[in-house]
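Good morning. I will show one protein chain and then go through it piece by piece.

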Amino acid sequence: MLFKIFYNFIYLNSPIQFFKKNENPCIKCGACCSFFKINVPEKDLINKNNQGFIPADFVIKKNKIYYMKNTSILGNRCEKLVGDIGSNTQCNIYLNRPSPCREFPVFINGEQNYRCKRARAYHNLPPNIKFVD
C-alpha cells in the first residue's frame, strides 16, 4: 500500500515529455541503459560453436551471472551506449543487443512501464512520456 501511495505521488504528478506518434522515445532517452543491471543470458553469448551474438569481451561475470560491462552495479551506464542521456543516445550494438534490452517494454498493456519511469526519474528526466499527433 505504501509503495502505491509513493508511486502515485511521484509519478502521476510528475512532468511529462511529449513525443510525436512516429518517434521512438528510446532513441532520445537511454535511461534504462544507464540505470539497470543488464543481465546477459548465456544463450546470447558467442560460444565455441559460434552460436549467440554477444562477444565475451562485452560482458563480465559476477556471482555466476553475466552482465554487460559496467552494468553490474545499479545506476551505471552500459559501455555500449553513446550520446547524451535524455536527448540523443545510441546503442553501438543495437542490432546485436542482448535479449533483456530487446525485450524491455516501454509500455505494458497501454500503460508506461514503471521501470521506464524509474530509470528516467533517476536521470532527472520527466518520468512520464506521452505521444501527440
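I will start with the basis of the model, then take the fold, the pocket, the surface patch, the salt bridges and a few loop residues.

This is a predicted model, in which local features need pLDDT of at least 70, side-chain atom pairs count only at pLDDT 80 or more, and totals for chains, interfaces and linings use all residues. Residues are numbered from 1 along each chain as its sequence is written, and side-chain values use heavy atoms, with hydrogens and water left out.

First, the fold. The chain has 4 helices and 8 strands. Helices (H or I, at least four residues) and strands (E, at least two) are DSSP runs, numbered from the N terminus. Going along the sequence, the pattern reads α-β-α-β-β-β-β-α-β-β-α-β. Of the 133 residues in the chain, 34% are buried. Buried means under 20% relative accessible area, exposed means over 50%, and partly exposed is in between, with a 1.4 Å probe and protein chains only.

Next, the pocket. How is empty space found in a model? Rolling a probe the size of a water molecule over the atoms shows where empty space is left. On a 1 Å grid over the protein atoms alone, a pocket is an open set of points with protein on both sides within 12 Å along at least five of seven lines, whereas a cavity is a set where a 1.4 Å probe fits but cannot get out; lining residues have an atom within 4 Å of a point. Grid points are joined across faces, edges and corners, and the volume is the space filled by probe spheres set on the points.

The largest pocket has a volume of about 740 Å³. Its lining has 36 residues, and those nearest the centre are Cys26, Cys32, Cys33, Cys101 and Phe104. Which elements supply at least two residues each to this lining? They are α2 (25–28), β5 (88–91), α3 (99–103) and α4 (114–122). By type, the lining residues are 24 nonpolar, 5 polar and 7 charged. In that count, Ala, Val, Leu, Ile, Met, Phe, Trp, Tyr, Cys and Pro are nonpolar, Asp, Glu, Lys and Arg are charged, and the others, Gly among them, are polar.

Now the surface. Ile16, Phe18 and Val132 make a nonpolar patch of about 250 Å². Patches are made of residues with over 30% relative accessible area and no salt bridge, with like charges joined within 9 Å and nonpolar side chains (Val, Leu, Ile, Met, Phe, Trp, Tyr) within 5 Å. The areas come from the Shrake-Rupley method with a 1.4 Å probe, and for residues only the protein chains shown count as cover. Valine 132 is in strand β8 (residues 128–132) and counts as partly exposed because its relative accessibility is 35%. Valine 132 and phenylalanine 18 are 114 residues apart along the chain, yet their C-alpha atoms are separated by 6.7 Å.

On to charges. Side chains of opposite charge can pair when their charged atoms come close. The structure holds 2 salt bridges, a salt bridge being a side-chain nitrogen of Lys or Arg within 4 Å of a carboxyl oxygen of Asp or Glu. One joins lysine 43 and aspartate 44, at 3.4 Å from N to O. Lysine 43 is exposed at 59% relative accessibility, while aspartate 44 is buried at 1%. The other pairs lysine 80 with glutamate 79, with the closest N and O atoms 3.9 Å apart. Here lysine 80 is buried, at 15%, and glutamate 79 is partly exposed, at 40%.

Last, the loops. Isoleucine 38 sits in the loop between α2 and β2 (59–62). Is isoleucine 38 buried or exposed? Isoleucine 38 has a relative accessible area of 7%, so it is buried. Its C-alpha atom is 5.8 Å from that of threonine 71, 33 residues away along the chain.

Asparagine 70 lies in the loop between β3 (65–68) and β4 (81–84). Its phi is near 80 degrees, a positive value in a residue other than glycine. Asparagine 109, in the loop between β6 (107–108) and β7 (111–112), also is not a glycine and has a positive phi of about 50 degrees. Asparagine 70 is partly exposed at 41%, and asparagine 109 is exposed at 79%.
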